[in-house]
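Welcome, and thanks for taking a look at this one. Here is a short briefing to read alongside the viewer.

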Amino acid sequence: MSARATAPLLLGVLVLALWEEAVHLLAIPPYVLPGPILIAETLVTDWTMLAPSLWVTLTITLQALAAAVVIGALLAILFSLSRWVELSLFPYAVVLQVTPIVAIAPLIIIWANNIDLSLLICAWLVAFFPILSNTILGLRSVDRNLLDLFELHGAGRWRTLLHLRLPAALPYFLGALRISGGLALIGAVVAEFVAGTGGNASGLAWRILEAGYQLKVPRMFAALALISATGIAIFLSLTLLSHLLLRRWHESALAMQE
Amino acid sequence: MERTWTSVVSARGVSKEFANGLRALSDITLNVLEGEFLSVLGPSGCGKTTLLRLIAGLAAPTGGILERPDARNETGFVFQEPTLLPWTTALANVALPLKLAGVGRKERLRRAGEALAGVGLVGFERSYPRELSGGMKMRVSIARALVTRPRLLLMDEPFAALDEISRHKLNIDLLALWQRERFTAVFVTHSVFESVFLSQRIAIMSARPGRVWTELAIPVAYPRDEAFRTSAQYAGLCRQASQRLFEAMAVKAEAA
């Protein structure tokens, strides 16, 4: 294993060990700060309750990410084809981006009148802007000489898009995808906090709220650990995807091989 | 080699003024004859690249009459940089103009393979541009420009960024290609030595606005090789071309 993987792993184990020791030595009660071993035990004992919540959060996150990819990329392509569409729509995309999601989530929840749908909209709102803006940047960052070459050989707008602009935008798009994967999870969790939903079909954020009311702090930590693990898993899979798509030609992927 | 003496490109009083009012070219009169190797020599900023873009049809003149081959794929263009698609192989890069022309996959890959072989890159079909040296990338770029078998090959200082050894080798290989494929070549350069080595005729330009100041014939038979490069005749022709270039640049100084 490379130093890339071992160094952070060693540090992590060390910190967890110190944490466990400190909890015992200072006799901190579990309702203030549980040790990592207790948290792991809670994760196992509460798994039947936490697993469905994990599934709910994960589903909303992935759906929101998929919607962000489709709508963000399509809008970016539309903007690159028509200057007027871009000039008229882009400012509103910025407005959506800069408005804090916590502030508009209550409105969306009222309007959507369906809790899953409103969570999905909130997570999508947070996730889609990086994809839109980065893909636009990528579609524009095309070598001028290559554009001349395509013009010289009579490629129209569509074939230039297909064979030149889209591949050129791919690294930018993939960079945005990694950011948006994390943002979709954050959006889903934040919206769930605002919604404060109950019942069977509710996600990890609600488990944290619920456990907090009941002062079941180890369960709060267990749910938190699951959210973090989900975020890490999303980031790693998108990084892998990016690496697989770019490894033959793009500088960013080549640097990883050195 | 036989000559038919018809013009491939004919410019009469061509001028180009940009939208910002800059006059890049003024009253250019120039004929490029079928099958000839013409160099356009001039200081940087004299509008050489603009002239080439006009001939390629990538920009329109603002004055005068310009006749050029306007059918698609009759003109090949080699840029200053190799300008390859980084995400695909050398073979697919060379096949690109055929793909855009709607040639079937099998046929275009076959012709691209032949064009790559023509520039001496057998065995590099599957290589990505980043795996190739600067000289090899330029060879791929030349193969791509020639894959449609154009009548006219336009080159915009294609070897300026290469080391001298690669440049000399590519000069000789380019002449061999030209003799074999019999396209008409217009080669833009700021190197006196390169223009004398390659061409039958040199159009020397003066700057601001760009004009064809004078023309110089290089009456030396092909094939030209390294022996020609070290000959007294070559040195003499280079001196002549340099003098004319200095005259052309002095014109610019008076005007300024």
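Which residues in helix 3 of chain A meet helix 9 of chain A, and which residues of helix 9 do they meet? In this predicted model, A:Leu50, A:Ser53, A:Leu54 and A:Thr57 from helix 3 of chain A meet A:Leu204, A:Trp206 and A:Arg207 from helix 9 of chain A.

**Helix 3 against helix 9**
- Sorted by class, the residues of this contact in chain A are 4 nonpolar, 2 polar and 1 charged.
- The axes of helix 3 and helix 9 of chain A lie 7 Å apart, and the two helices pack at an angle of about 135 degrees.
- Angles over 145 degrees count as roughly antiparallel and 65 to 115 as roughly perpendicular, so helix 3 and helix 9 of chain A are oblique to each other.

**Around helix 9**
- Helix 9 of chain A spans residues 204-213, and its buried residues are A:Leu204, A:Ala205, A:Trp206, A:Arg207, A:Ile208 and A:Ala211.
- Those buried residues pack against helix 3 (47-81), helix 8 (157-195) and helix 10 (217-246) of chain A.
- After helix 9 of chain A comes A:Leu215, which has a positive phi, near 55 degrees.

**Where chain A touches chain B**
- Chain A brings 15 residues to the contact and chain B brings 16 residues.
- On the side of chain A, helix 7 (144-152) and helix 8 are the elements that give two or more residues.
- Helix 7 of chain A gives the most to this side, with 7 residues.
- The residues on the side of chain A that touches chain B comprise 7 nonpolar, 3 polar and 5 charged.

Definitions and conventions: Residues are numbered from 1 along each chain as its sequence is written. Chains are lettered from A and ligands numbered from 1 in the order in which they are written. This is a predicted model: local features need pLDDT of at least 70, side-chain atom pairs count only at pLDDT 80 or more; totals for chains, interfaces and linings use all residues. A residue is buried if 20 or more other C-beta atoms lie within 10 Å of its own, exposed if 12 or fewer, and partly exposed in between; C-beta atoms are placed from the backbone. Helices (H or I, at least four residues) and strands (E, at least two) are DSSP runs, numbered from the N terminus. Two residues are in contact if their C-beta atoms, placed from the backbone, lie within 7 Å. Ala, Val, Leu, Ile, Met, Phe, Trp, Tyr, Cys and Pro count as nonpolar, Asp, Glu, Lys and Arg as charged, and the others, Gly among them, as polar. Axes are lines fitted to C-alpha atoms, for helices over the stretch in contact, and angles run from 0 to 180 degrees between N-to-C directions. Angles under 35 degrees count as roughly parallel, over 145 as roughly antiparallel, 65 to 115 as roughly perpendicular and the rest as oblique.
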